[in-house]
Amino acid sequence: MPRQVFFYEHPERFVAGTVGQPGQRTFFLQATALGRTTSVALEKTQVAALAERVDELLDEVVRRTGGNAPVPAVAPSEMLDAGPLEVPVEEEFRVGTMALAWDGTHERMVIEAQALVELAGEDEEDLEAAEEELLQDDENGPPLLRVLLTGAQARSFAKRALDVVSAGRPPCPLCSLPLDPEGHVCPRQNGYRRSA
């Protein structure tokens, strides 16, 4: 079966969002254009890492171009998107690896999210080689979401993604682990229950 690529050259919307209550949320990347929506699931840590890397890459583009690239220093307020995910949220795949790059010719950020690949093999070296071969296979590789964003769209994506990540359960002031509404067993309190 040929590789399935969900390509959004001019997305109307590209956001990170969640489904569920804090502590039990599922994180998604969702791209929308021309009445078509693609949603892929990923981990909270992946969302945070992607948002941070997007901001870092945009800062590097500004630095290398001497400020001549069409990249705002912060997310433009008129482009901020606080709306919910498009429903129904139908997961196309779970993200395994992500990549991003700046296309200087078209002045766009390229974000790619590939499906998680599970392989069976004899040893770790064989597995790594098989996984790398599969990920590089443009014909039969795992499903892929590819989105092109302007500098302003990328800054707005990163801002919202970081907001979504931080909107979960508040951290314990002592141990920084998430607090559940009924409290948690804080390791810094020698196992005594700490309430929110």
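This is a predicted model: local features need pLDDT of at least 70, side-chain atom pairs count only at pLDDT 80 or more; totals for chains, interfaces and linings use all residues.

Modeller: The structure holds 2 aromatic pairs.

Colleague: Why is the pair of phenylalanine 6 and phenylalanine 93 called tilted?

Modeller: The ring centres of phenylalanine 6 and phenylalanine 93 are 6.3 Å apart, and a pair requires centres within 6.5 Å. Their planes stand at 35 degrees; stacked would need under 30 degrees and edge-to-face over 60, so the pair is tilted.

Colleague: What makes this pair a tie between parts apart in sequence?

Modeller: Phenylalanine 6 belongs to strand E1 and phenylalanine 93 to strand E5, so the pair joins parts 87 residues apart in sequence.

Colleague: How do you know whether phenylalanine 6 is buried or exposed?

Modeller: Buried means under 20% relative accessible area. Phenylalanine 6 has 9% and therefore counts as buried; phenylalanine 93, with 6%, is buried as well.

Colleague: Why is the pair of phenylalanine 14 and phenylalanine 157 called stacked?

Modeller: The centres of phenylalanine 14 and phenylalanine 157 lie 4.8 Å apart, with 20 degrees between the planes. Planes under 30 degrees apart count as stacked, so that label applies to this pair. Phenylalanine 14 lies in strand E2 and phenylalanine 157 in helix H3, so the pair ties together parts 143 residues apart in sequence. Phenylalanine 14 is buried at 8%, and phenylalanine 157 is buried at 2%.

Colleague: What makes the charged end of arginine 36 sit over the ring of tyrosine 8?

Modeller: The charged end of arginine 36 is 4.0 Å from the ring centre of tyrosine 8. The criterion asks for CZ of Arg within 6 Å of the centre and within 35 degrees of the ring normal, and arginine 36 is assigned as sitting over that ring.

Colleague: At what angle do H1 and H3 pack, and what kinds of residue make up their contact?

Modeller: Helices H1 and H3 pack at about 145 degrees, with axes 9 Å apart, and their crossing is left-handed. The residues of this contact divide into 12 nonpolar, 1 polar and 5 charged.

Note on methods. Residues are numbered from 1 along each chain as its sequence is written. Side-chain values use heavy atoms; hydrogens and water are left out. Axes are lines fitted to C-alpha atoms, for helices over the stretch in contact, and angles run from 0 to 180 degrees between N-to-C directions. Helices (H or I, at least four residues) and strands (E, at least two) are DSSP runs, numbered from the N terminus. A crossing is left-handed if the near helix is turned anticlockwise from the far one by less than a right angle, and right-handed if clockwise. Ala, Val, Leu, Ile, Met, Phe, Trp, Tyr, Cys and Pro count as nonpolar, Asp, Glu, Lys and Arg as charged, and the others, Gly among them, as polar. Rings of Phe, Tyr and Trp (its six-membered ring) pair if their centres lie within 6.5 Å; planes under 30 degrees apart count as stacked, over 60 as edge-to-face and the rest as tilted. Buried means under 20% relative accessible area, exposed over 50%, partly exposed in between (1.4 Å probe, protein chains only).
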